[in-house]
Amino acid sequence: MTQSALDTLLPRRRLEDEVMVALDLETSGLNAESDRIIELGAVRFRGRERLATFSSLVNPNLKLESPIVALTGITQAQLDGAPQFQSVVAEFASFIGDCPVVGHRVSFDLAFLRSHGIRLSGPTYDTFDLAAVVMPEGPEYGLGALAERHHVAHESPHRALSDALATQAIFVQLIERLKVLDSGVLAALVRLGGSQGWSVSGLARRILDMRSSIERRSLVGPLGIDERDLAARTRAQKGARAISWVAPSIGSVAEIFGPGGHLSRLMPGYEERPQQVEMADAVKRAIDDGEHLIVEAGTGVGKSLAYLIPAALHALAGKGAVVISTNTINLQQQLFDKDIPAARSVLGALGVQPDILRVAQLKGRSNDLCFRRWAFAQGNPPPDLDTVRLLGKCLVWLRETTSGDRAELGLDRRDGTGFTRLSAQGAASCPAPEGPCFLRRARAEAQAADLIIVNHSLLLSDLAMGGGLIPPHAALVIDEAHHLEAVATRHLGFSIFQTQIESDLGALEGERGFVADALRTAQLGARSQAGIEALGPVAAAVMTDVPRARRAAADFFEILGRFAAEMLEAAGQSTDYRVTPQVRAQARWTSIEIAWENFDLVVGRVGDGLRAVSQGIARCTSESDEAVQAVQLNLAGAIESAEATRASLRQSIAEPRPDMIYWLSYRTGDGTTNVNAAPLDVAPLLKEHLFTKERCVILTSGTLVSNGGFQRLRRALGVETGREMALGSPFDYTKAALIAAPDDLPEPSAPGFNRAVAEVIREIALATRDRTLVLFTSNSSLLVARDVLREPLRSEGIKVVGQGPDGSPARIMRALAENQATVAMGAASLWEGVDLDGVPIKTLVVARLPFPVPTDPIYAARAELYEDSFGEYMVPEAVQRLRQGFGRLIRNRSDRGACVVLDRRLVTKAYGVQFIKALPPCTVTRVPWRHLGQTVSNWIRYGRAS
């Protein structure tokens, strides 16, 4: 039968013409077997037209937990007066009928409906999966984030009907995105998840069914990708500069940045900043002379341009590339997207054409998608729906990406694990010099670049490997250098995750595992039957050993977890338990060592077997076979992971080093245990591998000085030589910033402190009705304040958002930027980092002084090196953290704001003066907490504290 004849037999009803039901449930918890439905909401619709709605509370006959009350706003009294489920089930089931059902993470809702006796007969579609595929860049796929992005009204989040209405509106818009995809992409989505009943496959098939045979024609290949176009996009774009290029004669740095210089003449509105001139001149001299330099640059100095311009001019003059390292990949991207364009503009004002300066980003191998591994996975039956969704997301993304960088994707934790298996991790000696390769492009462009932007983790990896990851260069600039010790601590140590070991072994096992895939691929591409026959027993032995390794891992982690849980309970701690020589001396540690030996033995056999399989495949297949290349990369990644796991566990359990800190992390939620290690002191390592080998290292940040000097930084990082300078901010902080501290609140450890913090925040929010950022040192304190304040302030027209329950740090800061009357609460990462793009924070509230947790294994071990651990170590750590948090307040010359510290120890303890002296010279006032709201309001409005 011809395709045209088939077209006439296929269903022709358009998705937008079909009546569907979007539904949502609110529940008493997350367990479908033990928790109950407390609210039902649904909307029957046809495309954008809403036909009817259903909404009902349900009495669960149990007491509602306070987090659910806070999340939904549903009270116990409302539920006690609501109908029983059996009273509404018939009407609800009738409302749905046999219509297709749409839900956000709909499997959750379906599980609860099944546990309550409702089984739906029609197809179901998941807006979470659909959004993950048609919006691969994310960044978030929560219902609230999608509603915000699609401008969908969502007035009552976490109420069933409001969520259902939002789901319907989002679904309609996502379908429009799906409909514009090429027919070849849709066909690939159908093949990808059809066997597992993936809802996106069903939708893609419905759209394809509506297209004529002509419309179904596609120029992309069977994988849904135009490989020729992708190969062109992954080809390195930047080579050597034209021979005719001559670096312009610019003159001194002062002639660029100083009064009457190039910038003041050529850039309207340019403000000369003496601190920037001084820093730029020092950076230029350090690079030219090959010396180390430490620079603390206060807010407003413009340190990025102060090091970018001298670095660029040095490289453009043919004197060697300069590497710039930032703390995180996100900040690496921010430097690339914002600061580099600004530097190009400055160079343009000096006569340098924008495309002359070659800039490249370089990240670790796990950040780059390996096209061969993805293509191989795409052509084989995926093991689960998580893998299906990730492969579909990458399929849509691969139509446009030029970098293959995971930072362009919205990935949750499970996606992140899956992406690692599709990445270039393990591709240290990739056998394919031709074809699409993002890693090859990134490295080629870095080799040809003038400025190479990396992150601290890659820098430390390069140091640990003895070089080879980062191209040769004349100088290294380490921005946000205050993080270098922490990153080195983390990166020169290790963490072994129980779930990762289970996942890695699971990926090898079964008919869809790496070993079986490798054997099948070798059989298809075999040049030698004898080689295949020899390979079979080797692969069979590995597949026999893998389940044994999984059982040995389970036994080891069960014993380790039980030990960790009991030790934590005895010590009155919650998560991390430090393993000291005294702990190892206990008789019970012997059982842990025996369990580890059993695991180590069998996982060693697995690693040897994988290596033998890889060697056998290489002997009997062609190196140019792309499928063979993909399975070899999979095997290489598995071998690398197994070897790293064995080495780390051997050190942690049986052969500890005196210069390392070891601890166990026990997660009560899922009962898993992780094994961790970190250097006791990173200074000797950094001195040997960084500061003695690099020609020029420039350390810069806004917070490097401690107790008036750089001695603490030098000691922590092993920096013995080089100049140093502390450049204050050009801002007038006495007029710009108020520091207000009450002395009549309870101390943080006293009863009633959290309630008092919430009350003060309420008073400030009501008095100012302006952007307020509240920084906490613990997530639990944040949640208490958010739950107490959310409804009372919302009734006053003030929005309350908290990091975690209301989204990521970036989303919390977006909410703060978009709505003036907002209180944003953050912990950990929000003490620094994400800016508001020019929108000022008016009030910064610090709930308590940010002392390190005394039981944290790293801090506890390092504190033991000091005679006065509190005064010499804990206080300076907290002072630096407060300085970083304070830096969120004043970002521009015109800003005016107040920093409120609710920890009375700032004004009642002798060490409090160290905190105040470390901050810029602000106006400081000490007021009763009930006057804080008015004090802050007066400062913001009139610039006075009374």
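Predicted model: local features only at pLDDT ≥ 70, side-chain atom pairs only at ≥ 80, totals over all residues.
Student: Where is I96, and which residues does I96 touch?

Tutor: I96 belongs to helix α4. Leaving out residues up to four places away in sequence, I96 touches V21, L23, V101 and L120. Its C-alpha atom is also 8.9 Å from that of V43, although I96 and V43 are 53 residues apart along the chain.

Student: How do you know on which side of helix α5 its buried residues lie?

Tutor: Start with the list: in α5 (residues 106-115) the buried residues are V106, D109, L110, F112 and L113. Because they cover an arc of only 165° around the axis, they are on the same side of α5. In general, an α-helix has 3.6 residues a turn, so residues three or four places apart point the same way.

Student: What do the buried residues of α5 pack against, and what follows the helix?

Tutor: Their partners are β1 (19-27), β2 (37-46), α4 (85-96), β4 (101-103) and β5 (124-126). After α5 comes G117, with a positive phi near 90°.

Student: D545 is an aspartate in helix α25. Is D545 buried or exposed?

Tutor: The relative accessibility of D545 is 10%. The cut-off for buried is under 20%, so D545 counts as buried. With neighbours within four places in sequence left aside, D545 is in contact with V602, R605 and V606.

Student: Are C922 and C437 buried or exposed?

Tutor: C922 has 13% relative accessibility and C437 has a relative accessible area of 14%. Each value is under 20%, so C922 is buried and C437 is buried as well.

Student: Which residues touch the most other members of the largest nonpolar core?

Tutor: They are L130, F171, L178, L189, L369 and W374, out of 60 residues in that core. Helix α8 (residues 160-179) gives the most to this core, with 8 residues. As for L369, its contacts beyond four places in sequence include W374, W397, F419 and F438. A second, separate core has 56 residues, among them F556, L560, A595 and A630.

Student: What makes β11 and β12 edge strands?

Tutor: The sheet is open and has 4 strands in the order β11-β14-β13-β12, with antiparallel pairing. β11 (494-497) and β12 (576-578) each pair on one side only, and that makes them the edge strands. Neighbouring strands of this sheet are turned by 20° against each other on average, direction ignored.

Student: How do you know that β12 pairs with β13?

Tutor: Pairing requires at least two bridges, and 3 bridges join β12 to β13 (residues 660-667), so the two strands pair, running antiparallel. In that pair, D576 stands opposite S665 of β13.

Student: Which helices go with this sheet, and at what angles to β11?

Tutor: Helix α23 (residues 498-508) packs on the sheet, touching β11 and β14, with its direction at about 60° to that of β11. Helix α28 (residues 626-654) lies across β11, β13 and β14 and runs at about 105° to β11.

Definitions and conventions
Residues numbered from 1 in each chain as written. Heavy atoms only, no water. Axes fitted to C-alpha atoms, helices over the stretch in contact; angles between N-to-C directions. Contact = heavy atoms within 4.5 Å. Core = buried A, V, L, I, M, F, W, Y, C linked by side-chain atoms within 4.5 Å. Buried < 20%, exposed > 50% of the residue type's maximum accessible area, 1.4 Å probe, protein only. Arc of directions from axis to C-beta.
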